[in-house]
Amino acid sequence: MSLLDTRVPAVLLRTDRNPFHHGTLGAVRTLGRAGVEVHVVADATGSPVRCSRYVHSVHSPPPPGASAQQILAVLLRVAGRVGRPAVLIPLDDATAIASGRLRGDLVPSYLLPEMPAALSERVADKAELAAVCAASDIPHPRTLLPDGPGRAAADAHRLGLPLVAKWSRPWLLPAGGGLRSTQLVRSARQARELYARTAEAGSPLLLQEYLPPGEDRDWFFHGYADRAGTVRAGGPGRKQLSWPRGAGLTAVGRWTPNPEVRALAERLTGELGYRGVFDLDFRRCGTTGRYHLLDFNPRPGAQFRLFADSAGVDVVRALHLDLTGRPLPDGDPVAGRSFVVENYAPFAALRTASGGRELAWYARDDRAPGWAMWALWARHVSGRLRRLGAAAAVPAPRPVPRAAAPSPTSPTLPTDDEKVSS
């Protein structure tokens, strides 16, 4: 007999077009292995996810930047094809926010956690999160929201350089515009130039105190808050390797007991009345030793499979169990268990771990996605190398002689600040 109610299918929803989103594959596998029928509503073109034996069907997703009504129309169309109520699992911030606001229109076609409609949006908004942390007395890096380009430069000096710049609502960033959701700023001029792109970004710019990375400083907590608000499944993990190094996604993570991180996660979700799956990112300050909350993601994190306990329950299975009225077994944490994203950490994928190890792409019972990933990844990397090579082959502009003053039409040499920001 399956742990999960196999009569209830699951619908995975994502508008982000990243073909290498291993969290989608993790959700497909953890549900499919339990006998649940899995429908994927995402752009799986050229993605290894499509190759998984556990995918029942793939449906066309809403376009990136879709409105709530567009997302609703797609989900109702998919519900008609599925033919019975399904557990809905958003896998990116945009769809988590839309699902929360659309809950009244989605029920009874879908099963969803019950919580305030705007709460997912509130915690995913980087500016709102700073206020949430202040109200709940959760450590958070000092954050300023400039109201003009001059203020952005002044705030950069107030916070000290380098600092972190974030767009408040990164899910609104236009594709292909060259704007990153988070980046390190090294000059006041760079802060001013970023502020000038606020209209393009679609949300306010915030400047944040920079907490330097270091050994044992980057942590995360994945959990599921059940219908009573109790945090079940999941646990605290330590980021052993990130990509890019020092800032970025978890390439290697390890399940590591940390009562302080757990207490912060439980206190915050309890005070907010949060229900459902969540993924929190923390960084420990090297000076004070305090854990600062950096991000609150109102959906499964890509490495959620790290936290599969002794009963075989992770946060996605916990969601399905709770929403279908089944009890959650009390499994024990598997301290030392590791999770490796092998295209970002290939050598780590060869090492063993005391608590066991799971790879993001390769699995003995589902080998095709791993094989497909390496073929696609090689093409992806070679394409980037070709583009870099082509850019390097473009001759550099001839410098202006020192003795000559530049004419009104002559190009001027960049300043040091401009070199940093390019």
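The points below go through the packing, surface and charge pairs of this predicted model.

1. Main core. The largest nonpolar core has 51 residues, and those with the most contacts inside it are Leu12, Val28, Leu31 and Ile89. Helix α11 (residues 315-323) gives the most to this core, with 6 residues. Apart from this core lies another, of 23 residues, among them Trp219, Leu264, Ala265 and Tyr274. In soluble globular proteins, nonpolar side chains tend to be buried together.

2. Contacts of Val28. Neighbours within four places in sequence left aside, Val28 touches Leu12, Val38, Val40, Val49, Ser52, Tyr54 and Val55.

3. Helix α3. This helix (residues 93-101) is largely enclosed by the rest of the structure, because 7 of its 9 residues are buried. The buried residues are Asp93, Thr95, Ala96, Ile97, Ala98, Ser99 and Gly100. What they pack against is β1 (10-13), α2 (68-82), β4 (86-90), α4, α5 (119-124) and β14 (291-297).

4. Arg103. This residue lies in helix α4 (residues 103-106) and is partly exposed, at 24% relative accessibility. With neighbours within four places in sequence left aside, Arg103 is in contact with Leu112, Pro113 and Glu114. The C-alpha atoms of Arg103 and Leu72 are separated by 9.7 Å, the two residues being 31 apart along the chain.

5. Cysteines. A search of the whole structure finds 0 disulfides. Cys133 is in none; the nearest cysteine sulfur, that of Cys285, is 15 Å away, and a disulfide would need the two sulfur atoms within 2.5 Å. Cys133 is buried, with a relative accessible area of 1%, whereas Cys51 is partly exposed, at 38%.

6. In one of them, Arg29 pairs with Asp366, the closest N and O atoms being 2.8 Å apart. Arg29 lies in helix α1 and Asp366 in the loop between β16 and α12, so the pair ties together parts that are 337 residues apart in sequence. Arg29 is buried, at 3% relative accessibility, and Asp366 is buried, with a relative accessible area of 3%. Arg305 and Asp314 also meet in a salt bridge, at 2.7 Å from N to O. Arg305 counts as buried at 11% relative accessibility, and Asp314 is buried at 0%. Salt bridges that share partners join Arg101, Glu121, Asp125 and Arg169 into one network.

7. Asp43 and Arg17. These two form a salt bridge in which the closest N and O atoms are 3.7 Å apart. Asp43 sits in the loop between β2 (38-41) and β3 (57-59), Arg17 in the loop between β1 and α1 (22-32), and 26 residues separate them. Asp43 is partly exposed, with a relative accessible area of 22%; Arg17 is exposed, at 51%.

8. Surface patch. Val381, Leu385 and Leu388 make a nonpolar surface patch of about 280 Å². Val381 belongs to helix α12 (residues 368-393) and is partly exposed, with a relative accessible area of 33%.

9. Arg351. The loop between β15 (338-340) and β16 (357-359) holds Arg351, which is exposed at 54% relative accessibility. Arg351 and Pro244 are 107 residues apart in sequence, and their C-alpha atoms are 21 Å apart in space.

Key
Residues are numbered from 1 along each chain as its sequence is written. This is a predicted model: local features need pLDDT of at least 70, side-chain atom pairs count only at pLDDT 80 or more; totals for chains, interfaces and linings use all residues. Side-chain values use heavy atoms; hydrogens and water are left out. Buried means under 20% relative accessible area, exposed over 50%, partly exposed in between (1.4 Å probe, protein chains only). A nonpolar core is a set of buried Ala, Val, Leu, Ile, Met, Phe, Trp, Tyr and Cys residues joined through side-chain atoms within 4.5 Å. Helices (H or I, at least four residues) and strands (E, at least two) are DSSP runs, numbered from the N terminus. Contact means heavy atoms within 4.5 Å. Patches are made of residues with over 30% relative accessible area and no salt bridge: like charges are joined within 9 Å, nonpolar side chains (Val, Leu, Ile, Met, Phe, Trp, Tyr) within 5 Å. Accessible areas come from the Shrake-Rupley method with a 1.4 Å probe; for residues, only the protein chains shown count as cover. A salt bridge is a side-chain nitrogen of Lys or Arg within 4 Å of a carboxyl oxygen of Asp or Glu.
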